[in-house]
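Let's take a friendly walk through a protein model together. Keep the structure open beside you and look for each part as it comes up.

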Amino acid sequence: MYTLTQLGWNNHFQKEWDALSLTDFIPARIITENKTQYKLISETGIFEANLMGKLLYGSEAEDLPKVGDWVAFQAMDDQNGFIFETLPRQNSLARKKAGQEQSAQIIASNIDKAFLVQSLDHNFNIRRLERYLVQVYEFDIQPIIILNKSDLCDDLVEKIMEIEAIAPSVKIYPCSVHDETGMEDIKTEVKEGESIIFLGSSGVGKSSIINYMMGETHFKTSEISDAVNKGKHTTTHRELIVLPEGGILIDNPGTREFGLTDVKKGLEMTFEEIQVLAEGCRFKGCTHQHEPDCKVQEALAEGTLSEDRFQSYLKLQRESANYQMSNYERRKKDKSLGKMYKSIQNGSRKLKNK
Ligand SMILES: Nc1nc2c(ncn2[C@@H]2O[C@H](COP(=O)(O)OP(=O)(O)OP(=O)(O)O)[C@@H](O)[C@H]2O)c(=O)[nH]1
Ligand SMILES: [Mg+2]
Ligand SMILES: [Zn+2]
């Protein structure tokens with residue numbers, strides 16, 4: 001059994017809880033989510049739970065509980081119960097839904113840190129790392145870079161230098177689950193009551209690292225090492241676990257697409273050096289592409305800013321702008337549709353009253 005604090009409870013949630021003035025309910029945290037079926041953990045143990053009340057009817061998709069959410073729960077017996085309400089989130093991590101649709105999907109809620117996991121084989125990719133950094137910074141989550149499978153790599157120092165050049169303030173932990181190198185160092189990042197989400201492509205070893213930390217094979221991992229090349233995903237659902245010595249870890253299925261939402265802040269934080277340069281440009285809204293007296297163009301010409309890095313910035317910025325625009329258009333459309341329905345309703349009411 002765990003205390004609420006060990007499960008991630010803090011003053012923020014206590015305040016929200018007190019404001020609800022609920023009797024007959026206890027706080028519990030969502031471990032897994034499968035459509036309307038949930039598993040959650042409370043001070044009294046683990047339960048299966050269904051939704052009740054307003055959550056069942058007429059809730060917006062984003063108000064429904066997600067992994068990591070705190071909810072008001074009522075137990076029916078020692079295994080089952082109902083979820084009445086989702087507590088306001090401290091934060092959540094979202095991404096753009098896969099495919100053409102420009103809308104956001106919440107991955108998990110109330111997250112302190114993100115372990116951005118890459119493996120030190122063909123998976124290692126600086127540009128993909130930038131993409132993850134942008135999205136987690138946007139949601140006030142501290143990124144930590146984990147480079148797994150160091151047993152397969154003979155140019156570790158170069159790879160670390162490559163990352164340090166683009167993310168000088170982010171901690172990097174090289175490790176290998178196979179020969180246990182660096183595993184104890186990663187554990188120092190896992191603190192009691194802190195919630196950490198694991199992100200990264202399929203096959204990089206997210207579940208293997210979590211199993212190692214738990215000291216047991218809780219999560220299935222792929223046995224065939226070349227399964228990755230076939231695009232097989234071993235973990236199929238998100239799950240939160242609590243470590244016996246403290247710390248809350250959320251395993252995730254490998255992400256093939258990690259689309260950006262509206263991430264202005266995330267871009268500014270990830271590409272800080274471009275931000276600093278831009279302050280010296282002659283024009284305030286400089287796009288750094290054809291304007292005169294552009295400090296970014298000067299840095300490119302001098303070679304102090306790499307062309308790859310700048311192109312990556314432009315690409316992610318376009319993606320974010322795309323998302324923002326389509327969302328704006330959709331909201332506008334929803335609004336005018338709402339107006340139309342209202343006027344039809346009013347019209348039919350008038351007819352009835354005649
Ligand atoms: N060589 C080597 N292989 C590793 C290491 N860590 C994990 N693996 C192997 O990599 C494969 C994939 O590991 P998983 O833990 O299933 O990867 P995952 O990131 O959870 O993958 P998904 O669940 O599909 O997202 C397994 O065969 C592991 O045994 C390591 O440090 N070195
Ligand atoms: Mg996995
Ligand atoms: Zn400029």
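Strands β8 (113–119) and β11 (195–199) run parallel to each other and pair over 4 bridges. Here a strand is a DSSP run of E with at least two residues, a helix is a run of H or I with at least four, and both are numbered from the N terminus. Two strands pair if DSSP finds at least two bridges between them. Along this pairing, A114 sits opposite I197 of β11.

The two strands belong to an open sheet of 6 strands, ordered β10-β9-β8-β11-β13-β12, with mixed pairing. Axes are lines fitted to C-alpha atoms, for helices over the stretch in contact, and angles between N-to-C directions run from 0 to 180 degrees.

Helix α2 (residues 126–138) lies across β8, β9 and β11, at about 170° to β8. Helix α3 (residues 156–166) packs on the sheet too, touching β9 and β10, and its direction makes about 165° with that of β10. Contact means heavy atoms within 4.5 Å.

## About the model

This is a predicted model, in which local features need pLDDT of at least 70 and side-chain atom pairs count only at pLDDT 80 or more, while totals for chains, interfaces and linings use all residues. Residues are numbered from 1 along each chain as its sequence is written, chains are lettered from A and ligands numbered from 1 in the order in which they are written, and side-chain values use heavy atoms, leaving out hydrogens and water.

## A helix tucked inside, and a magnesium ion

How much of helix α5 (residues 206–214) is buried? Of its 9 residues, 7 are buried, so the helix is largely enclosed by the rest of the structure. Buried means under 20% relative accessible area, against over 50% for exposed and in between for partly exposed (1.4 Å probe, protein chains only). Among the partners of these buried residues are β8, β9, β11 and α4 (183–187). Just after α5, G215 takes a positive phi of about 75°.

S207 (OG) and T235 (OG1) coordinate the magnesium ion (ligand 2) at 1.9 to 2.1 Å. The pair joins distant parts of the chain, with S207 in α5 and T235 in the loop between α5 and β12, 28 residues apart. Both S207 and T235 are buried. Donors are N, O and S atoms within 2.8 Å of the metal (3.2 Å for Na, K and Ca), and sites may look incomplete, as water is not among the atoms.

## The zinc site

Which residues hold the zinc ion (ligand 3)? C281 (SG), C286 (SG), H288 (ND1) and C294 (SG) coordinate it at 2.1 to 2.4 Å. The 4 donor atoms subtend angles of 104 to 116°, which makes the arrangement tetrahedral; four donors count as tetrahedral if all angles lie between 85 and 135 degrees. C286 and H288 are both buried.

## The barrel

Now look for a closed barrel of 5 strands, β1-β2-β3-β5-β4, with mixed pairing. Its strands β4 (residues 70–75) and β5 (residues 80–86) pair in the antiparallel sense over 5 bridges, with Q74 opposite F82 in β5.

Technical notes. Tetrahedral: all angles 85-135°; square planar, octahedral: opposite > 155°, others 65-115°.
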